[in-house]
Amino acid sequence: MFLPSLSTAALLAAAALFQNAAAQVTTDCFPMNKTCPADPALGMDVGFNFNQTPKAGTWDTTVGPVTYSNDGAAFTIKKQGDSPTLRTKFYFFWGRTEIWMKASPGVGVISSVMFLSDNLDEIDWEFKGGNTSSVFSNYFGKGEPDFHNGAEHKVPGAMDDYHNYTTMWTQDALDFYIDGSKVRTLLPKDANNSYYYPQTPMRLSLGIWAGGDPTLPPGTREWAGGDTDYSKGPFSMFVKSVSIHDFSSGKEYVYGDKTGSWQSIKVVAGNSTAKDAITAPPEVPEPSVSEKFNALPPTAKTAIYASAAGVGAVILAFALFYCIRQRRRGAREAKIAEAKAEQERLELERFKKAGVDPDSFVDSATEYNAKDMRQGGMSDANSYSVPVSPNDGMNEKWEKAAAIGAGGAAGAAAAGAMRSPMPLLRDGAQSPRVTSPSTPASGFNTPYTDRSTNARSPGPTIPNIGAVPPPMGAAANPAMRSFSTPNPNMRASPGPQQPGFGGARTNSPAPMVPMATPQPQRSFTSGGYGQSIHQSYGQSPNQGYGNQGYGNQGQPGGQPGQGYWGNGNGGYR
């Protein structure tokens, strides 16, 4: 389908962006220049109905998709660059073709039927979308750009309905028919004395392309009828059926020399690959599951039904068991959660009745940072002291909370009983450590210096009575009482022994310093080491450590009284 005023090379260059033009007018091997592979022959008569995809091994699809329906094969341009094409995989050498088709409308849109050989012999039917009542026939020989061979033929409604376009091609003449009427005959002598006459094995191409694309040369767009406006698309050409009769029979066609004449073509005997593909029995599709089931005997169907019913029953039983188990588990979890919520509610009510706000336990807490304490002079490598927090009532709140948490009368009874010698480390309470070494104290009668300047913490300094109280009625343990069980891993170094106190201290190496003015010590347990200023450190001659401290007589080994916690003899004053 060479265009007027354009050479073949110019056309190919102009159509570089459009693979359809290049595919339609090129060849993989030009036999007049070199020896080329043989062409697979059709060697038979065959018809193709394009209401479905053709058999494999018969047609190639190039430059875009082709769809198939009751309207036939649809070739559609939707955007710039579209050019769907169908091309046979086989060749025929002399023959008759019939094509039922409906051309596409659209300015610059070309619907084409083309016969092309490896030697670039060519026969064309061409439809210009801007001319809805005409078709053009054309031919070329050996790729020569002779643009005076085209002819126009009137076809009313060429783009509205299907028409039959037939060619009869022999070595003697080339005839063109429209709907059974001959409209043109070409004789070899009229084609440059047969040199341009198409005469080598050809294959058939069907396709659509935009000759009016704005990127193509002006001469091409003018020949196509004007510029193509893609916004008016899509543009579609339809081919309902194709019938091809190969006048030669054989396996393949071979070029015997480089003359390009029909006399040089040799026909190789045998069945072509195209013939084998066309005559092969239709592929039987894989039967569906329902088709396979319907083909089974009645006994097999019954067995399948029974098996399916059994499997269904097992699945149903498992599902029922699972649901029941989950419901029971959920009921147990709900019951536990309800009991827990009720317990929390009762505990909250007890707090409220006691006038305690549980949230205040967290809000009044004080956090300390070891690094900040060291920088503030409150700690060194072996000891530390936390300043006393303001008395905000937290002690009483903790005491009440502990009693409430213990529950009822049991908690109230425990509140008046003997408590562990370990105090709660709150409000600045720490173990009785001192800041620096000083003169050892001679005993409880020796006054202590003010603890606010020498004591690391406000905790009382008391005799170590051991980690475990002695048996009732036994002699008092002279060892110094410690707030915690001695721990060899405590962060402190051994200090000197205090006179009259017994074993080594577990605090820092500073000895006890006499107090200039006796200071009251806080009591960390009810009924413990003393409940008033005059009941601590032997302020009164007849009172020892607490109401019932180390003997009421205040003398070591003194007169009978109440000793260790009210049961000993004598004690320290």
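**Entry 1: strand S10**

I count a residue as buried when its relative accessible area is under 20%. With that cut-off in hand I opened this predicted model and went to strand S10, residues 134-140. How many of the residues of S10 are buried? I found seven of the seven buried, so the strand is largely enclosed by the rest of the structure.

Next I sorted the side chains of S10 by direction. Ser134, Phe136, Asn138 and Phe140 point one way, while Val135, Ser137 and Tyr139 point the other way. I noted that both groups are buried.

**Entry 2: the neighbours of S10**

I looked up the pairing on each side. Strand S9 (residues 122-128) joins S10 through five bridges, and the two run antiparallel. Which residue of S10 is the bridge partner of Trp125? I found Ser137 there. S9 and S10 form a hairpin, with five residues between them.

S10 also pairs with S11, again in the antiparallel sense, over four bridges. In that pairing I found Val135 opposite His153 of S11.

Val113 has Leu206 in S15 as its bridge partner.

**Entry 3: aromatic pairs**

My search of the whole structure gave 16 aromatic pairs. I wrote up two of them.

The ring centres of Phe48 and Trp59 are 5.4 Å apart and the planes stand at 85°, so I logged this pair as edge-to-face. Phe48 belongs to strand S2 (residues 45-49) and Trp59 to strand S3, so the pair ties together parts that are 11 residues apart in sequence. Both Phe48 and Trp59 are buried.

For Phe50 and Tyr68 I got ring centres 6.2 Å apart and planes at 40°, so this pair is tilted. Phe50 is in the loop between S2 and S3, and Tyr68 is in strand S4 (residues 67-69), so the pair ties together parts that are 18 residues apart in sequence. Are these two residues buried or exposed? Phe50 is buried, at 0% relative accessible area, whereas Tyr68 counts as partly exposed at 21%. The cut-off for buried is under 20%, and that is why Tyr68 is not in the buried class at 21%.

I also noted one aromatic cluster, formed by Phe92, Phe93, Trp94, Phe115, Trp169, Tyr253 and Trp262.

**Entry 4: charges over rings**

I looked for lysines sitting over aromatic rings. The charged end of Lys128 sits over the ring of Phe136, 4.4 Å from its centre. Phe136 was already in my notes as one of the buried residues of S10. I also found Lys142 over the face of Tyr195, at 4.5 Å from the ring centre.

Which two residues does a cis peptide bond join? I found Gly233 and Pro234, with omega about 5°. Pro234 is in the loop between helix H3 (218-224) and strand S16 (235-246).

Asn192 is in the loop between strand S14 (181-186) and S15, and so is Asn193, in the loop between S14 and S15. Asn192 is partly exposed, with a relative accessible area of 42%, whereas Asn193 is exposed at 63%.

**Entry 5: helix H6**

I finished with helix H6, residues 298-353. H6 has 56 residues and reaches 82 Å from its first C-alpha to its last, close to the 82 Å expected at 1.5 Å a residue. Gly355 follows H6 and has a positive phi, near 75°.

What does UniProt place at residues 303-324? Its unreviewed entry gives a "transmembrane region" there. In the model I found that stretch to be 100% helix and 0% strand, with the end C-alpha atoms 32 Å apart.

How values were computed. Residues numbered from 1 in each chain as written. Predicted model: local features only at pLDDT ≥ 70, side-chain atom pairs only at ≥ 80, totals over all residues. Heavy atoms only, no water. Pairing = 2+ DSSP bridges. UniProt positions renumbered as here; feature names shortened; annotations may be inferred. Buried < 20%, exposed > 50% of the residue type's maximum accessible area, 1.4 Å probe, protein only. Expected span 1.5 Å × (residues − 1). Phe/Tyr/Trp six-rings, centres within 6.5 Å; stacked < 30°, edge-to-face > 60°. Lys NZ or Arg CZ within 6 Å of the ring centre and 35° of its normal.
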